[in-house]
Amino acid sequence: MYKVMALDVGTKRIGVALSDFLLMIANGHSCVSRQPEDKAIEEILKIAKENHVEKIVVGVPLNMDGTQGFQANDCIEFSKKISGYEIIYEDERLTSDTAEENLRNKKIDFKKNKGLVDIESACIILEQYLSRK
């Protein structure tokens with residue numbers, strides 16, 4: 001039995017979410033600082049190992065026309081530094097907007113803690129992936 005991890009890779013922070021062992025539920029885990037990048041990779045690998053992860057879903061923010069822009073390429077390049085796991089790319093257009101709306105609906109003030117939006121975005125990315133499985 002294993003879990004799936006999702007990453008919402010940003011320029012400053014990386015939101016992390018984990019599935020349950022049944023691969024049905026996405027749960028927010030943490031927010032990892034992107035810099036220094038080697039420490040971020042180390043932290044992600046540690047979380048993956050501790051939680052019996054076999055697959056990592058990386059959100060790729062495609063442009064609205066479906067093409068890859070700078071941010072999408074940055075996410076892909078970052079994910080190539082994660083070794084030992086199957087990497088799956090998931091279109092994550094508009095997840096930040098949806099994450100903010102979800103947090104507002106839960107009456108959670110995220111304005112002082114943007115990491116909450118990153119974690120919620122990672123959950124949305126993981127939910128999208130799990131719903132297709």
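Me: Leaving aside neighbours within four places in sequence, which residues is Glu86 in contact with?
Reply: Glu86 is in contact with Glu54, Lys55 and Ile56, once its neighbours within four places in sequence are left aside. Keep in mind that this is a predicted model.

Me: Okay, and where does Glu86 lie?
Reply: Glu86 lies in strand S5. Its relative accessibility is 42%, so Glu86 counts as partly exposed.

Me: How far apart are the C-alpha atoms of Glu86 and Val53?
Reply: They are separated by 9.6 Å, and the two residues are 33 residues apart along the chain.

Me: Let's zoom out to the sheet. What order do the strands have?
Reply: It is an open sheet of five strands, in the order S3-S2-S1-S4-S5, and the pairing is mixed. Strand S3 (26-33) and strand S5 (86-91) stand at the edges with a single partner strand each, so one side of each has no neighbour in the sheet. From one strand to the next, the twist averages 25 degrees.

Me: What holds strands together in general?
Reply: Strands of a sheet pair through backbone hydrogen bonds, and the pairing is either parallel or antiparallel.

Me: How many bridges join S1 to S2, then?
Reply: Five bridges join them, and S1 and S2 (residues 13-19) run antiparallel. If you want a spot to look at, find Ala6, which stands opposite Ala17 in S2.

Me: And which residue is the bridge partner of Ala17 in S3?
Reply: That is Gly28. S2 and S3 run antiparallel, joined by seven bridges.

Me: What do S2 and S3 form together?
Reply: They form a hairpin, with six residues between the two strands. Look at Leu23 in the turn, where phi is positive, at about 60 degrees.

Me: Which residues form the nonpolar patch on the surface?
Reply: Met1, Phe21, Leu22, Met24 and Ile25 form that patch, and together they have about 610 Å² of accessible area. Met1 lies in the segment before strand S1 (3-9). With 76% relative accessibility, Met1 counts as exposed.

Me: Switching to helices. Which strands does H1 lie across?
Reply: Helix H1 (residues 37-50) lies across S1, S2, S3 and strand S4 (53-60), and runs at about 155 degrees to S3. Helix H2 (residues 70-79) lies across S1, S2, S4 and S5, at about 160 degrees to S4.

Me: Which residues of H2 are buried?
Reply: Ala72, Asp74, Cys75, Ile76, Phe78 and Ser79 are the buried ones. These buried residues of H2 pack against S1, S2, H1, S4 and S5.

Me: Now charges! How many salt bridges are there in the whole structure?
Reply: A search finds eight. One of them joins the side chains of Arg13 and Asp118, at 2.5 Å from N to O. Arg13 lies in strand S2 and Asp118 in helix H4, so this pair ties together parts that are 105 residues apart in sequence.

Me: Are those two buried or exposed?
Reply: Arg13 counts as partly exposed, because its relative accessibility is 28%. Asp118 is buried, with a relative accessible area of 10%.

Me: Which residues are linked in a network of salt bridges?
Reply: Arg34, Glu37, Asp74 and Lys81 are linked that way. Within it, Arg34 forms a salt bridge with Glu37, with the closest N and O atoms 3.0 Å apart. Both Arg34 and Glu37 are buried.

Me: Why does Glu120 count as buried?
Reply: Its relative accessibility is 12%, and buried means under 20%.

Technical notes. Residues numbered from 1 in each chain as written. Predicted model: local features only at pLDDT ≥ 70, side-chain atom pairs only at ≥ 80, totals over all residues. Heavy atoms only, no water. Patch = residues over 30% accessible without salt bridge, like charges linked within 9 Å, V, L, I, M, F, W, Y side chains within 5 Å. Areas by Shrake-Rupley, 256 points an atom, 1.4 Å probe, with all protein chains shown as cover. Salt bridge = Lys/Arg side-chain N within 4 Å of Asp/Glu carboxyl O. Helix = DSSP H or I, 4+ residues; strand = E, 2+ residues; numbered from the N terminus. Buried < 20%, exposed > 50% of the residue type's maximum accessible area, 1.4 Å probe, protein only. Pairing = 2+ DSSP bridges. Axes fitted to C-alpha atoms, helices over the stretch in contact; angles between N-to-C directions. Contact = heavy atoms within 4.5 Å.
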